[in-house]
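Biologist: Can you walk me through this model? I'd like to start with the charged pairs and then move on to the helices.

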Amino acid sequence: MKILKQFFSVLFVLLCVVGTGYAATFDGVRELVSRRAPWLGKHIQFKEIASSDGDCFILQTVGKKLVVQATGANAAAVGVNWYLKYYCHRSMSHLGDQLAPVTELPVIGQPVTVKTTSIYRYALNYCTFNYTMSFYDWDDWQWELDWMALNGVNLMLVANGSEAVWQNTLRRMNYSEKEIADFITGPAYNAWWLMGNIEGWGGPMPQSQIDSRKKLVQKMLKRMKSLGIEPLMPGFYGMVPSNLKNKSKAHIIPQGTWGAFTRPDILDPMDPEFDRVAAIFYDETRRLYGSDIRFFSGDPFHEGGATDGVALGDAGRAIQKTMQKHFPGSIWVLQGWQDNPKPGLLEKLDKRYVLVQELFGENTNNWETRKGYEGTPFIWATVTNFGERPGINGKLQRFADEVYRASNSEYAKYMKGVGILPEGINNNPVTYELLLELVWHKDRVDVDQWIESYVTARYGRITDEIRTAWKMMLKSIYSSEVGYQEGPPENILCARPALELKSVSSWGRLAKKYDRDLYKKAAFLFAKAMPEFNEVRTYRIDLIHFLRQVIANEADSVFYDMITAYQEKKVEKFEQEVSKFLMMIDTENELLAQDPFFRLSTWQQQAKDAGNTAAEKKNNFHNLMMLITYWGEHVTSEDNLHDYAYKEWAGMMNTYYKERWLVYFDYLRALLRGEEAKAPDYFHWEREWVEKNLHMADDAPRMSLEEIINKVTDR
């Protein structure tokens, strides 16, 4: 009897240990469910399963519990999301959550098994960390990481927090505090600093902010580990301050300018000094962020960098060799953008430890023309937007077709997954959800069928009007047949005024190459569901977005009529069209004011809240306002970046874009009167506007959404 008691006692302990092991595997996912869908938390169990051919999850109702069997935490999170979406009709998105409790949990009688052979589901562009995430706090990152996990992201860029690494590295290189401060950018510009385009702009970053960003990243990394998301962190690829050439005898390759900005230089990877600086950099990375980092980014000679006198193959091999020395087995992740990575750079690399991002998949097929990047593992990805500029777009069926095609092509052995690399992520949520889900489908996805489940989960239910409206959008604004396109077509209401306009930003475009009449019908049909969906925020956000696009589309023809009247000197007609044009700006401003997401003050408040001191708050605010207007540069001869990150927000439409147009219309009126008039100096006007508007915007709505809908649809 005593022996029997001892046996059961040992068995109990063993069961507890095993149980604890399983619980520990999925603790992060359990906590995620508690945060986002607490009504599901008491009714879900997790079990670990093995798989020899990729991640997998199995869903089934056992008793009154949803049992999620999964190969790991990340697959388990996808399983939770699958249940929420396809059974509970619930979803999370960057444009609103729809996670209200369900009355009765849906039952899954027979096991549902979902697998993927995709090794990597990657997320984020360096630029995302500024156009979207410059002022994220821990609550923002908690939400973001939960969304990433639910959508299966298992590899994510972490570009904030590098300030502390570089500060410590340069201190060990005997740089003064002033020199370090002049190198590190402000909080809204670290993306272009880390990509080797600029240094110092928007700074100096206060020490308190460097420290808080470091602590935030440490917290992020811990949470990511619990959710099965590995970090991709900046590696050392030779970028050094442009003044190092004045301090060192090493071979340093000047990188010249990026626009009007002085670029950091490149320390020749073949020079012995490279190993010394890299050793310091990686030592500081390990000390601050851990020794288990497996992925490093870094693109030497990015976007026009000088390669004169550089043997690219040898340089690439030296960069990789140093990376492997300090983090054995680590993988170098390179951006497939324009001609990057150059074939010569890849030539002598150990391809087992390289991953290329097919960055611009919505328009390119470099994975094919370059024969799987000369036999290098790659992922298929899209940028989707540039500068987080507003607008609706996404070649949805192309996404599905290209992922399927690459996965079944002669280069399939190099195709290792998918990625989303938007320059800003607060738009077009359907594009990100679709792309990340594609790899969990064995067969080619027909988006016309897939969209039904997406829409149902987004709004909690679906009606014939909403279903038909979305099907019409797939044939118009979300069509694959729109040709080459760098993000959404732009809104002329936000353009820097001129008689001839082809774009708002330097590399954007105004042309809308889709059926605009069909889109307008879709938007108006969608609006008819308003009485039934008035309390559903995701519906209201989409409705505002869809109607905003209608206004933007119609503004093109009003602008044409206005300029034609001016050129024909028809003063009365000109004034009529000017009134229409300005009224469209006012209408859009009021439409956007209907939800905090589209208000300037929301993002101003985020910038202020992210500051821990008065100095931080002030600089955050200034960084934000520069970024969304003139971006940067104080040299009038180089002004290509103005409006690159323009925003259609209430508080911007009526005080920035409208006021800028008013200045121009006064100028045209003077010319019509035969007076000599000086053309507006937008360069200085925009910078003065920022300095005069470093305060919270007054962007509260003056009308109801119903009134605005009637105003737009009755036009």
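Biologist: Where do Arg317 and Asp314 lie?
Modeller: Both sit in helix α11, residues 312-326, three residues apart, which is about one turn of the helix. Keep in mind that this is a predicted model. In it, Arg317 forms a salt bridge with Asp314, with the closest N and O atoms 3.2 Å apart.

Biologist: What does Arg398 pair with?
Modeller: Arg398 forms a salt bridge with Glu402, and their closest N and O atoms are 3.9 Å apart. These two are four residues apart in helix α15, so about one helical turn separates them.

Biologist: Is Glu402 buried or exposed?
Modeller: Glu402 is buried, because its relative accessible area is 7%, and the cut-off for buried is under 20%. Arg398 is also listed among the buried residues of α15, along with Leu396, Gln397, Phe399, Ala400, Val403 and Ala406.

Biologist: What do those buried residues of α15 pack against?
Modeller: Quite a list: the helices α13 (366-369), α16 (429-438), α17 (447-459) and α18 (464-474), plus the strands β16 (378-382) and β17 (415-420).

Biologist: How does the span of α15 compare with what 1.5 Å a residue should give?
Modeller: It agrees: the 12 residues of α15 (residues 396-407) should span 16 Å, and the end C-alpha atoms are 17 Å apart.

Biologist: Back to charges. What's up with Arg673?
Modeller: Arg673 forms a salt bridge with Glu675, the closest N and O atoms being 2.9 Å apart. Arg673 counts as exposed because its relative accessibility is 54%. Glu675 has a relative accessible area of 39%, so that one is partly exposed.

Biologist: How many salt bridges are there by this rule?
Modeller: The count comes to 49 salt bridges. There's a network too: Arg496, Asp639, Asp643, Arg660, Glu686 and Arg687 are linked through salt bridges.

Biologist: Switching to helix α9. Which of its residues are buried?
Modeller: Gln209, Ile210, Arg213, Leu216, Val217, Met220, Leu221, Arg223 and Met224. Looking down the axis of α9, the buried residues fall within an arc of 165 degrees, so they line one face of the helix.

Biologist: Which exposed residues are on the face turned away from the buried side of α9?
Modeller: That face carries three exposed lysines, Lys215, Lys222 and Lys225.

Biologist: How far does α9 reach from its first C-alpha to its last?
Modeller: 29 Å over 20 residues (207-226), close to the 28 Å expected at 1.5 Å a residue. After α9 comes Gly228, with a positive phi near 75 degrees.

Biologist: Now the core. Which residues touch the most other members of the largest nonpolar core?
Modeller: Met156, Trp192 and Trp470, out of 251 residues in that core. Helix α21 (residues 537-567) gives the largest share of this core, 15 residues.

Biologist: What does Trp470 touch, not counting residues up to four places away in sequence?
Modeller: Val430, Ile451, Tyr454, Val455, Tyr459, Tyr478, Phe526, Asp542 and Phe546.

Biologist: You mentioned α21. Is Arg548 in that helix buried or exposed?
Modeller: Arg548 does lie in helix α21, and Arg548 is buried, because its relative accessible area is 2%. Leaving aside neighbours within four places in sequence, Arg548 contacts Gly391, Ile392, Glu588, Leu591, Leu592 and Glu648.

Biologist: What about Asn589, which helix is that in?
Modeller: Asn589 is in helix α22, residues 571-592. Asn589 is buried, with a relative accessible area of 10%. Apart from neighbours within four places in sequence, Asn589 is in contact with Trp649, Ala650, Gly651, Met652, Met653 and Asn654. Asn589 and Val578 are 11 residues apart in sequence and 17 Å apart in space, C-alpha to C-alpha.

Biologist: Last one: what domain features does UniProt place here?
Modeller: An unreviewed UniProt entry places "Alpha-N-acetylglucosaminidase N-terminal" at residues 28-106. Over that stretch, residues 28-106, the chain is 34% helix and 23% strand, and the end C-alpha atoms are 24 Å apart. UniProt, again as an unreviewed entry, puts "Alpha-N-acetylglucosaminidase C-terminal" at residues 450-699. Over residues 450-699 the chain is 58% helix and 0% strand, with the end C-alpha atoms 37 Å apart.

Conventions: Residues numbered from 1 in each chain as written. Predicted model: local features only at pLDDT ≥ 70, side-chain atom pairs only at ≥ 80, totals over all residues. Heavy atoms only, no water. Core = buried A, V, L, I, M, F, W, Y, C linked by side-chain atoms within 4.5 Å. Buried < 20%, exposed > 50% of the residue type's maximum accessible area, 1.4 Å probe, protein only. Contact = heavy atoms within 4.5 Å. UniProt positions renumbered as here; feature names shortened; annotations may be inferred. Expected span 1.5 Å × (residues − 1). Salt bridge = Lys/Arg side-chain N within 4 Å of Asp/Glu carboxyl O. Arc of directions from axis to C-beta.
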